[in-house]
Amino acid sequence: AGLEGVDPRTGDWGDIIVGVDGDPVRRLSELTSAIEKAGVGRTIRLDVVRDGRRLAVTAEVGDVGALR
């Protein structure tokens with residue numbers, strides 16, 4: 001089960017990322033710093049709130065520039 005985004009039909013929010021590798025994140029700048037610190041190719045744990053419940057999702061850090 002990956003990350004869930006905003007539902008385009010209802011506008012309901014999807015997952016809200018609240019932590020990376022056990023460290024809390026409260027701002028987008030904290031999230032991007034944690035992802036950059038982890039580095040491309042590393043698997044990280046994202047702590048998310050989904051439907052009012054907290055859970056962990058793993059993701060591999062990718063290089064957006066490589067997708068072009």
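Mentor: Let us begin with Val-40, which touches Val-61, Gly-62 and Asp-63 once residues up to four places away in sequence are left out. Please keep in mind throughout that this is a predicted model.

Trainee: Where does Val-40 lie?

Mentor: Val-40 lies in the loop between helix H1 and strand E3, and its C-alpha is 9.6 Å from that of Val-64, a residue 24 positions away in sequence.

Trainee: Is Val-40 buried or exposed?

Mentor: Val-40 counts as exposed, because its relative accessibility is 60% and the cut-off for that class is over 50%.

Trainee: Okay, stepping back, what pattern does the chain follow along the sequence?

Mentor: Read along the sequence, the pattern is β-β-α-β-β, and the secondary structure comes to 1 helix and 4 strands. The C-alpha trace spans about 35 × 30 × 25 Å along its principal axes.

Trainee: How many residues are there, and what share of them count as buried?

Mentor: The chain has 68 residues, of which 24% count as buried. Its accessible surface comes to about 5,200 Å², and carbon and sulfur atoms account for 51% of that surface.

Trainee: What about contacts between residues 24 or more positions apart?

Mentor: If you take the contacts in the chain with a separation of 6 or more, residues 24 or more positions apart account for 37% of them.

Trainee: New topic, then: what is the volume of the largest pocket, and which residues line it?

Mentor: The largest pocket has a volume of about 160 Å³, and its lining is made by Val-20, Asp-21, Asp-23, Pro-24, Val-25, Glu-30, Ser-33, Ala-34, Lys-37, Ala-38 and Arg-42. By class, that lining has 5 nonpolar, 1 polar and 5 charged residues.

Trainee: Which element gives the largest share of the lining?

Mentor: The largest share comes from H1, with 5 residues, while strand E2, residues 23–24, is also among the elements that supply at least two residues of the lining.

Trainee: Asp-21 is on that list as well. What is phi of Asp-21 near?

Mentor: Phi of Asp-21 is near 50°, which is a positive value in a residue other than glycine. Asp-21 lies in the loop between strand E1, residues 16–20, and E2, and it counts as partly exposed because its relative accessibility is 33%, which falls between the 20% and 50% cut-offs.

Trainee: And what about phi of Asp-51?

Mentor: Asp-51 is not a glycine either, although its phi is positive, at about 55°. Asp-51 lies in the loop between E3 and strand E4, residues 53–60.

Trainee: Is Asp-51 buried or exposed?

Mentor: Asp-51 is exposed, because its relative accessible area is 70% and over 50% is what that word requires here.

Conventions. Residues numbered from 1 in each chain as written. Predicted model: local features only at pLDDT ≥ 70, side-chain atom pairs only at ≥ 80, totals over all residues. Heavy atoms only, no water. 1 Å grid on protein atoms, 1.4 Å probe; cavity = no way out; pocket = protein on both sides within 12 Å on 5 of 7 lines; lining within 4 Å. Points joined across faces, edges and corners; volume = space filled by probe spheres on them. Nonpolar A, V, L, I, M, F, W, Y, C, P; charged D, E, K, R; others polar. Buried < 20%, exposed > 50% of the residue type's maximum accessible area, 1.4 Å probe, protein only. Contact = heavy atoms within 4.5 Å. Areas by Shrake-Rupley, 256 points an atom, 1.4 Å probe, with all protein chains shown as cover.
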